Amino acid sequence: MSRIALEDTRHELIKAHIIDPEHSPLPEELQELLNRIVSVSKVLDKNPVMRNAVAIHQVKYPEISKSTAYSDVRMAIRLFNTIHSFDFDFYQTWLINDIVVNIQKCRATGSEKDRRIIAMEHANLLKAIGEKPENLPDPLRNEKHQFYVLIQNNNQQIKVELNNLKDLPTAALQELNRLIYGGNEITEGDAEQLMKT
C-alpha cells in the first residue's frame with residue numbers, strides 16, 4: 001500500500017491536526033513531517049535565505065539529513081507562501097488584466113448597472129496602477145551633473161572628474177594606482193615566491 005503525500009492529504013485532516021495535535025487523524029509519519037514543515041516555515045519568515053534556514057532547521061531536528069532538511073524547506077515554500085516567495089509582479093499583472101476584462105464585458109452590455117461597475121473598476125484600476133508621478137525621472141540627469149572621484153594622498157585631496165579619469169593615459173593611471181596603494185605592487189619574482197609557499 002502506497003503512502004499518501006502531505007500535499008495530497010485532505011485539507012480537513014491537516015486542519016484537524018493543527019487544531020488538536022493529540023487527537024490527530026493524520027498518520028504518525030505525516031504528523032512528524034507536518035510539524036517539521038510548519039517549524040521551518042516559521043524559520044523562513046524570519047530568515048528567508050534557504051541555506052541559513054536549513055542550518056537552523058537541522059539544529060532543531062538533528063536526526064534529519066541535509067537533503068531531508070532541504071526537502072522540508074522546499075515543501076514549506078510551496079505550501080506556506082510568505083512575503084519572500086510571493087510574486088507581486090505576477091499578482092499585479094493578473095489583477096490589472098482581470099479589471100480590464102471586467103470593464104470590457106460591462107462595456108459590451110451597456111446597461112446602467114454595468115456603467116456603475118465600470119466606474120468602480122476604473123477606481124480599482126487606479127488603485128492597482130497608482131497615480132502618475134508629477135515629476136518623472138530625468139533621463140539626462142547624469143549629463144547635467146558632474147561627478148567627481150576624491151583621491152586623498154598625504155592629507156591632500158585631489159578632485160578628478162569621472163569622465164576625465166577614464167580618459168587618462170595608461171601611464172597616468174598606473175602612477176595614480178601606485179600613489180593610492182603606496183607602490184606595493186608585487187614583482188614576478190615575488191609572485192613565484194608566493195606560489196611556492
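Predicted model: local features only at pLDDT ≥ 70, side-chain atom pairs only at ≥ 80, totals over all residues.

Residues are numbered from 1 along each chain as its sequence is written, and side-chain values use heavy atoms, with hydrogens and water left out.

The secondary structure of the protein chain comprises 10 helices and 2 strands, where helices (H or I, at least four residues) and strands (E, at least two) are DSSP runs numbered from the N terminus. Read from the N terminus, the order of elements is α-α-α-α-α-α-α-β-β-α-α-α. Of the 197 residues, 20% count as buried, that is, under 20% relative accessible area, against over 50% for exposed and in between for partly exposed (1.4 Å probe, protein chains only). The chain exposes about 15900 Å², of which carbon and sulfur atoms supply 55%. Among contacts (heavy atoms within 4.5 Å) between residues at least 6 apart in sequence, 40% join residues at least 24 apart.

Helix 1 (residues 11–19) and helix 2 (residues 28–46) cross at roughly 75°, and their axes come within 11 Å. Axes here are lines fitted to C-alpha atoms, for helices over the stretch in contact, and angles run from 0 to 180 degrees between N-to-C directions. Helix 1 is therefore roughly perpendicular to helix 2, given that angles under 35 degrees count as roughly parallel, over 145 as roughly antiparallel, 65 to 115 as roughly perpendicular and the rest as oblique. In this pair, Ile14, His17 and Ile18 of helix 1 meet Gln31, Leu34 and Asn35 of helix 2.

Helix 3 (residues 50–60) and helix 4 (residues 66–79) pack at an angle of about 120°, with their axes 9 Å apart. The two helices are therefore oblique to each other. Helix 3 contributes Met50, Arg51, Val54, His57 and Gln58 to the contact, and helix 4 contributes Lys66, Ala69, Tyr70, Asp72, Val73, Arg74 and Ile77.

Lysine 66 counts as exposed because its relative accessibility is 52%. Its C-alpha atom is separated by 8.5 Å from that of alanine 55, 11 residues apart along the chain.

Conventions. Areas by Shrake-Rupley, 256 points an atom, 1.4 Å probe, with all protein chains shown as cover.
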